[in-house]
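I opened my notebook for a short tour of this structure. Here is what I looked up, entry by entry.

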Amino acid sequence: MASSVPLCGSTLIVGPSNVGKTRHTAAALDRWVADHGPADVAVLEFAPELERDGRVLGGRLTRFTTIPDEIYYGRIDARAPRTESGTREEAIALARTNAERAARVISAAPDDPDAVFVNDATIPLQADTNRTTELIDYCSSASVVVCNAFESDELGVDDRISRTERAALSRLREWADRVVEPS
């Protein structure tokens with residue numbers, strides 16, 4: 001799949017589940033590696049992978065591409081708080097765990113990468129919008145950033161996690177040079 005995602009500045013790919021956000025991000029990563037090689041690239045993998053109603057919800061970049069060994073591949077074992085929890089408290093606890101794991105991945109990532117690719121950027125931001133600053137600060141040093149994020153009402157709108165995620169997504173939209181909505 002050829003990606004129409006520009007490889008300059010910061011791009012945020014948004015949309016509901018299963019519209020191709022991860023596929024577009026993987027294609028952009030493949031183009032970057034083909035044109036520039038794997039040096040100075042960071043991949044931040046925050047996507048959960050689970051099946052819901054016969055569909056895979058989320059999904060890692062490795063479903064669509066192979067991450068070269070030379071690339072920093074920071075991956076968390078993410079959970080999907082709204083679909084994997086039975087209570088509001090359990091959902092918030094899962095969101096906090098995702099945030100803590102992501103903070104460790106970001107702090108271990110190489111300083112000043114040339115390109116950063118982030119899969120499911122809002123997963124670690126669902127517990128606390130202040131985490132958005134950490135992600136943006138890390139990505140801002142790169143010349144190219146491609147992030148994708150879930151944007152839909154399909155998992156809820158009035159719960160704390162959905163409200164926090166929307167606030168984080170709003171900040172990411174303001175920060176990004178462009179927003180792409182695959183169809």
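I count a residue as buried when its relative accessible area is under 20%, as exposed when over 50%, and as partly exposed in between. I also keep in mind that this is a predicted model.

I started with the backbone. Most residues other than glycine have a negative phi, so I looked for exceptions.

I found one at D120, where phi is near 65 degrees. I placed D120 in the loop that runs between β6 (115-119) and α4 (131-139). Is D120 buried or exposed? It has 11% relative accessibility, so I wrote it down as buried.

I then turned to D40, which is not a glycine either, yet has a positive phi of about 60 degrees. D40 sits in the loop between α1 and β2 (41-45). Its relative accessible area is 54%, so I listed D40 as exposed.

**Entry: T22 and its partner**

Next I looked up T22, a residue of helix α1 (residues 21-36). With a relative accessible area of 14%, T22 is buried. Which side chain does T22 meet in a polar contact? I found N119, and the contact between the two side chains is 3.0 Å.

**Entry: P68**

I went on to P68, in the loop between β4 (55-58) and β5 (72-75). P68 has 22% relative accessibility, so I marked it as partly exposed. I also checked P68 against A47: the two are 21 residues apart along the chain, and 19 Å separates their C-alpha atoms.

**Entry: a positive patch**

Last, I turned to surface charge. Which residues form the positive surface patch? I noted R88, R96, R160, R163 and R166. Two elements each give two or more residues to this patch, namely α3 (88-108) and α5 (160-175). The biggest share comes from α5, with three residues.

How values were computed: Residues are numbered from 1 along each chain as its sequence is written. This is a predicted model: local features need pLDDT of at least 70, side-chain atom pairs count only at pLDDT 80 or more; totals for chains, interfaces and linings use all residues. Side-chain values use heavy atoms; hydrogens and water are left out. Patches are made of residues with over 30% relative accessible area and no salt bridge: like charges are joined within 9 Å, nonpolar side chains (Val, Leu, Ile, Met, Phe, Trp, Tyr) within 5 Å. Accessible areas come from the Shrake-Rupley method with a 1.4 Å probe; for residues, only the protein chains shown count as cover. A salt bridge is a side-chain nitrogen of Lys or Arg within 4 Å of a carboxyl oxygen of Asp or Glu. Lys and Arg count as positive and Asp and Glu as negative; His and the chain ends are not counted. The place of a charge is taken as NZ of Lys, CZ of Arg, CG of Asp or CD of Glu. Helices (H or I, at least four residues) and strands (E, at least two) are DSSP runs, numbered from the N terminus. Buried means under 20% relative accessible area, exposed over 50%, partly exposed in between (1.4 Å probe, protein chains only). A polar contact is a pair of N or O atoms within 3.5 Å; within protein, one must be able to donate a hydrogen and the other to accept it, and residues adjacent in sequence count only if both atoms are side-chain atoms.
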